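Please read them with the coordinates open.

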Amino acid sequence: QFAKPLDAVKYRQSAFIIMATSFGRLGAMVQGKAPFDAKAALENAKIVEFMSHLPWQAFQPGTDLPDSHAKPEIWKEMDKFKADAGKLQEMTPKLVAAAQTGKLDEIKVVFGQTAKTCKACHDSFREEL
Ligand code: ASC
């Protein structure tokens, strides 16, 4: 569903950028670097939840372009890659639920668990940035 491999790379990188931007805004609140704003926290958690569904479809065969930061292991171990994506997708509704409580302490816990799912997949499948 992408005309060119580079279109798939741009699509998935864009999705990750949007997800990371909102996750980073939550992180700033969690780390006390930005004031806690419950409404903004919920909006950003919802964006992370939505975006957690988008990048994976764009890792099609033939889209392992050099300099894309995607390791070849993605295509060699697609089942594990999809399972890692699934772990993130199990966490993100919990992140939204935590944000709905309006309590920073609850968000902190789930934020940390979600960040671990990001990192686990990066460790296996993302080239150093
Ligand atoms: C972020 C971000 C990631 C993850 C990862 C968690 O905020 O941009 O890629 O968290 O660093 O370890």
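1. The buried residues of α1 are Ala-8, Val-9, Arg-12, Ala-15, Met-19, Ser-22, Phe-23, Leu-26, Gly-27, Met-29 and Val-30. They pack against α2, α3, α4 and α5. The model is a predicted one.

2. After α1 comes Gly-32, with a positive phi near 75°.

3. In α4, burial applies to Phe-81, Asp-84, Ala-85, Leu-88, Met-91, Thr-92, Leu-95, Val-96, Ala-98 and Ala-99. The cover over these buried residues of α4 includes α1, α2, α3 and α5.

4. The span of α4 can be checked in the same manner. Its 24 residues should span 34 Å at 1.5 Å a residue, and the end C-alpha atoms of α4 are 36 Å apart, which agrees. Gly-102 follows α4 and has a positive phi, near 75°.

5. Ala-115 belongs to helix α5. Its relative accessibility is 27%, so Ala-115 counts as partly exposed. Ala-115 and Phe-23 are 92 residues apart along the chain, yet their C-alpha atoms are separated by 8.7 Å. Of this pair, Phe-23 is among the buried residues of α1.

6. The largest pocket has a volume of about 570 Å³. It is lined by 25 residues, of which Phe-16, Met-19, Trp-56, His-122 and Arg-126 are the closest to its centre. Helices α1 (5-30), α4 (78-101) and α5 (104-125) each contribute at least two residues to the lining of this pocket.

7. What is the make-up of the lining of the largest pocket by class? There are 16 nonpolar, six polar and three charged residues in that lining. Met-19, one of the residues closest to the centre of the pocket, is also listed as buried in α1.

8. How many disulfides are there? The count is zero.

9. Cys-118 is partly exposed, with a relative accessible area of 22%. Cys-121 has a relative accessibility of 9% and counts as buried, because the cut-off for buried is under 20%.

10. Two backbone angles deserve a comment. Most residues other than glycine have a negative phi. Asp-67 is not a glycine, but its phi is positive, about 65°. Asp-67 sits in the loop between α2 (38-51) and α3 (73-76). With a relative accessible area of 75%, Asp-67 is exposed.

11. His-69 is found in the loop between α2 and α3. Its phi is near 70°, again a positive value in a residue other than glycine. Here the relative accessible area is 32%, so His-69 is partly exposed.

Definitions and conventions:
Residues are numbered from 1 along each chain as its sequence is written. This is a predicted model: local features need pLDDT of at least 70, side-chain atom pairs count only at pLDDT 80 or more; totals for chains, interfaces and linings use all residues. Side-chain values use heavy atoms; hydrogens and water are left out. On a 1 Å grid over the protein atoms alone, a cavity is a set of points where a 1.4 Å probe fits but cannot get out, and a pocket is an open set with protein on both sides within 12 Å along at least five of seven lines; lining residues have an atom within 4 Å of a point. Grid points are joined across faces, edges and corners, and a volume is the space filled by probe spheres set on the points. Helices (H or I, at least four residues) and strands (E, at least two) are DSSP runs, numbered from the N terminus. Ala, Val, Leu, Ile, Met, Phe, Trp, Tyr, Cys and Pro count as nonpolar, Asp, Glu, Lys and Arg as charged, and the others, Gly among them, as polar. Buried means under 20% relative accessible area, exposed over 50%, partly exposed in between (1.4 Å probe, protein chains only). A disulfide is a pair of cysteine sulfur atoms within 2.5 Å. The expected span of a helix is 1.5 Å times one less than its number of residues. Contact means heavy atoms within 4.5 Å.
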